[in-house]
Amino acid sequence: MKRYLLSALCVLLAYLGILGPFTRAMEQKPYIEKIGLIPSPRVLQAFFPDFQELLAASILSKVILYYGSLSEHLDQPGKIIYAADYPAMSRTVHAALRLDPYNMDGYYFGQSILVWDAKQYDLATELLEYGMHYRTWDWQLPFFAGFNYAYFLGNKKKAAEMYMRAGELSGETLFKKLAGRYLQEAGNTRMAIDYLRTLAKNARNPAVRQTLQIRINAFEAVLAIEQARDQFTEELGRAPADIAELVKGGYLEGLPVDPYGGTFYLDENKQVRTTSKFAFAASHRFSDGSSESSPAE
Amino acid sequence: MTIVAVTMKGLLRDRVLQGILVAALIFLAIPSISTLSMRQVPELALTLCLSLVSFILLLLAVFLGGVSLWRDVERRYTHSVLTLPRSRGVYLLGRFAGIGFFLIGIAVLLSLVTVVVVSVVSANYPPDRPISWMAVAAALSFDAFKCLLLVAFAVLFSSVSTSFFLPVFGTIVVYLVGGASQQAYDYVSSPAAQSLSPAVRQLAGILYYIVPNFSAFDLKVNAIYALPLDPRTLIMTAGYGTLYMVFVLIIAAGVYSRRELG
């Protein structure tokens, strides 16, 4: 017995000794942020017949963790390290929703990534309409779809239909009023801010909330310029030449800052645009002006 | 003492219950894991709880059902029991019933743990739709029922086999095939399968009626998302399961009564 105890103790000491260097070596190992491939939903359904909902949840958590690891660089706008693999994320979310078409995390995340960043408006709306067959009680799906139709796809008729449905399901008269207002006004920016605020209020994931808040800040800056432009036009009977004229005339308190690192300007139709196009640049841009291209994926 | 009681006592003596309780410690992690969800924390808690219960009951069904009769022969219990004035068929059914009651007891215990865990999670993260405890109870009951049917298959394989390999792996195969049968049938009936030969489609249709349909017993999605249940479908599923189980047990008892145990 004593012999066994002694030898076990020696091995334990050696283990404790190697633990430090081993942990350090693992920390330094390069970690490639990849989303990887998952098997086809049909195969997963065949091998795990009772566990589809669990599989869907675990696939979605994989996508969310992947996206979260990318978003942690947003505290330094303009210094984003990787461009996200949007096609892979979209495929993965679709696969998860094939396994469990009731999973709200899938629709919420699908809407978040497909629309603003990947610009896949039709795909996102199609996904939401697929979800509406299953989650027949959920007002959020027609709410998101309504926004897509109004803001991106320019189909105000379908947008109003979706907002009405959201209104009926939620009992919120606000949505019904929105349906009416968005048909009449051309106030796209205000609609976008309302929509994003609703999303941000209910967002529990810090990375997603941060992404949304940055976009809200950008659109609030745009709204301020639009309001100043409209006031200028009303008072002076002509459109301003550029944003600097609005600042000079006292309609704007200083040049609004674009959180995406671009510069706001007025295009030939006097619509407010930005050189960043409301997205972070794919390459590094350091404050000293030097740059470095992003690593290959 | 009846064979049923002896079986259950044996399982308790084998510390199976303690093993289950250790596995059930995973339930403690479920409230924290559920918070990873963005929009559906209580639904994720339900998913995790129901999947864990499913998994534990599946393991019990496969291993208890598959190993029990084999072990009796190995340890020569069968030889002493069979000298008593009881038919072999009654002995086999007694073993099945003992394992079945034990499984049901475990299912009840794990269901209570599920209720506690999900209640705790939904107290901190109220669900959008109220939890349908009726659907949760139905999901857990039908899951246990499905596992009883698997035990019946395990006992059937044990009645023909001399080792535990066929009962254990055979039951696993039955589980996988039974889980996929509805999906395969739907595919073969769909327009997408028109390119397959008529013989293949005919065969698939016949196999669908022979192989057990386990997906009918999977009510998890109703429990997780509080979807309505159709009482008529549930009654038919229960009837289907009962008849199938009784048929399998009759075959098993018949085979076992004629078997050479020397």
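This is a predicted model: local features need pLDDT of at least 70, side-chain atom pairs count only at pLDDT 80 or more; totals for chains, interfaces and linings use all residues.
How many disulfides are there over all chains? The count comes to 0.

**Cysteines of chain B**

- Cys49(B) has its closest cysteine sulfur in Cys147(B), at 16 Å, which is too far for a bond.
- A disulfide would require the two sulfur atoms to lie within 2.5 Å, so the 16 Å between Cys49(B) and Cys147(B) rules out a bond.
- Cys147(B) is likewise in no disulfide, the nearest cysteine sulfur being that of Cys49(B).
- Cys49(B) counts as buried, at 0% relative accessibility.
- Cys147(B) also counts as buried, with a relative accessibility of 0%.

**Extent of the interface**

- The contact between the two chains involves 27 residues of chain B and 28 residues of chain A.
- About 2,600 Å² is buried between chain B and chain A, and carbon and sulfur atoms give 56% of this area.
- On the side of chain B, the residues that lose the most area to chain A are Met38(B), Arg39(B) and Gln183(B); together they account for 32% of what that side buries.

**Polar and charged pairs across the interface**

- Between chain B and chain A the count is 1 salt bridge.
- Asp50(A) forms a salt bridge with Lys146(B), and the closest N and O atoms of this pair are 2.2 Å apart.

**Make-up of the chain B side**

- Three helices of chain B each supply at least two residues of the side that touches chain A: H4 (41–74), H8 (165–189) and H10 (220–224).
- H4(B) provides the largest share of that side, with 7 residues.
- By residue class, the side of chain B that touches chain A comprises 13 nonpolar, 8 polar and 6 charged residues.

**His133(A)**

- His133(A) is located in helix H6 of chain A, which spans residues 121–134.
- With a relative accessible area of 63%, His133(A) is exposed; the cut-off for that class is over 50%.
- His133(A) is 132 residues from Met1(A) in sequence, and the C-alpha atoms of the two are 68 Å apart in space.

How values were computed:
Residues are numbered from 1 along each chain as its sequence is written. Chains are lettered from A and ligands numbered from 1 in the order in which they are written. Side-chain values use heavy atoms; hydrogens and water are left out. Contact means heavy atoms within 4.5 Å. Buried area is the accessible area (1.4 Å probe) that two parts lose on being put together, summed over both. A salt bridge is a side-chain nitrogen of Lys or Arg within 4 Å of a carboxyl oxygen of Asp or Glu. Helices (H or I, at least four residues) and strands (E, at least two) are DSSP runs, numbered from the N terminus. Ala, Val, Leu, Ile, Met, Phe, Trp, Tyr, Cys and Pro count as nonpolar, Asp, Glu, Lys and Arg as charged, and the others, Gly among them, as polar. Buried means under 20% relative accessible area, exposed over 50%, partly exposed in between (1.4 Å probe, protein chains only).
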